[in-house]
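Please look over the model shown here.

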Amino acid sequence: MPPSPPPEASISAPSPDENSNNYNGIYDVRMFGAVGDGVTDDTEAFKTAWDSACQTDAGVLLVPYSYTFMIQSTIFTGPCESGFVFQVDGTIMPPDGPDSWPKNYSRRQWLVFYRVDEMSLQGGGLIDGRGEQWWNLPCKPHKGANGTTLREPCDSPIAIRFFMSNNLTVQGLKIRNSPQFHFRFDNCRNVHIESIHITAPALSPNTDGIHIENTNNVEIYNSVISNGDDCVSIGSGCYDVDIRNLTCGPGHGISIGSLGNHNSRACASNITVRDSVIKNSDNGVRIKTWQGGSGAVSGVTFENIHMDNVRNPIIIDQFYCLSKDCANHTSAVYLSDIQYVGIKGTYDIRSPPMHFACSDSVPCTNITISDVELLPAKGDVVLDPFVGMLMENCRH
């Protein structure tokens, strides 16, 4: 069944003026040859509609309700006129799995928005990544023959990527079952995300909900993310990030990092997560960095967050590694001025509720823990929540 958009989210396409190509600023993809039967390749129709709507002041590219459009890996390129809206009231989906993906199309990304400013991606419709067949591909280190570890690259597409774009709004959409990340923002500025719903199975690999990298002034509000990896992952070069009223889980929680991989320099600052719920998740709020890296994470606040049966509610890990054979290094990403305020709820008793593993040579500093109350979801109350944790290299 097609999604049911709220009345205010749906836009009806007017008939074109008989004497011109003017669609009153609304460009329904069907007017450009899109069929919307879920089988026909509607890529070229979308590209043509984009070219027209993008060059119209306050133009609207309309994906109409009750239709399902299959489109290939595509880069939508700006700049566009100000006030451009990509209105999704129907359903958009890619080819079904790697065998259906054309050989000459990128397998690393599906829908890319490049150098597009002042755009809104919105509507009450659905973006369906059809990721089920991709999840069986080796996307993470996994066991091979004779006890070996295989590290084949992840070769599955990100569903939606914004690259070098500014003043963006993403609102009201449902996104599900991406082959890999659902959203990725690279080198963007002024991003507002609100009232979106992201879903994928708990065991789907690398299906982060929202990943940001070298992106600043980001707002993520009033949304629900349930997936197989981080609900939100914040990479290097990000600052001024505000996350509020997010419901996260199942998944891997909300993460800053991983930072400093391959001895790189990584920085992130002024990040706030508040008034949110994390449930049935492997992790709660996490900062993870690789040994050997450099740079700094500072000015981080986690406030008024409810944990519901979370295995690792609070984590700092400066020894992050995806295998058991990572070498020790003396350099590390410096972590400072981190606050945990009003973190309450329950944790999975398989792990302690708080875990701080800080570098010997570059210890964590100025960590504040206030009004934290975490109780076992099952079993006896733990009198000392720091039992079994690495705390000696943290300065409070």
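The report below covers strand pairing and then disulfides.

## About the model

This is a predicted model, where local features need pLDDT of at least 70, side-chain atom pairs count only at pLDDT 80 or more, and totals for chains, interfaces and linings use all residues. Residues are numbered from 1 along each chain as its sequence is written, and side-chain values use heavy atoms, leaving out hydrogens and water.

Helices (H or I, at least four residues) and strands (E, at least two) are DSSP runs, numbered from the N terminus. Strand β3 spans residues 60-63. V60 and L62 are buried on one side, L61 and V63 on the other. Buried means under 20% relative accessible area; exposed is over 50%, and partly exposed lies in between (1.4 Å probe, protein chains only).

Strands pair if DSSP finds at least two bridges between them. Three bridges join β3 to β1 (residues 26-28), in parallel. Here I26 stands opposite V60. Four bridges link β3 to β6 (residues 84-88), also parallel. L61 has F86 as its bridge partner in β6.

## Disulfides

The structure holds three disulfides, each a pair of cysteine sulfur atoms within 2.5 Å. One joins C54 to C80. C54 lies in helix α1 and C80 in the loop between β5 and β6, so the link ties parts 26 residues apart in sequence.

Another joins C231 to C248, S to S 2.1 Å. Its torsion is about 90 degrees, so this disulfide is right-handed. C238 is in no disulfide; the nearest cysteine sulfur, that of C188, is 9.8 Å away.
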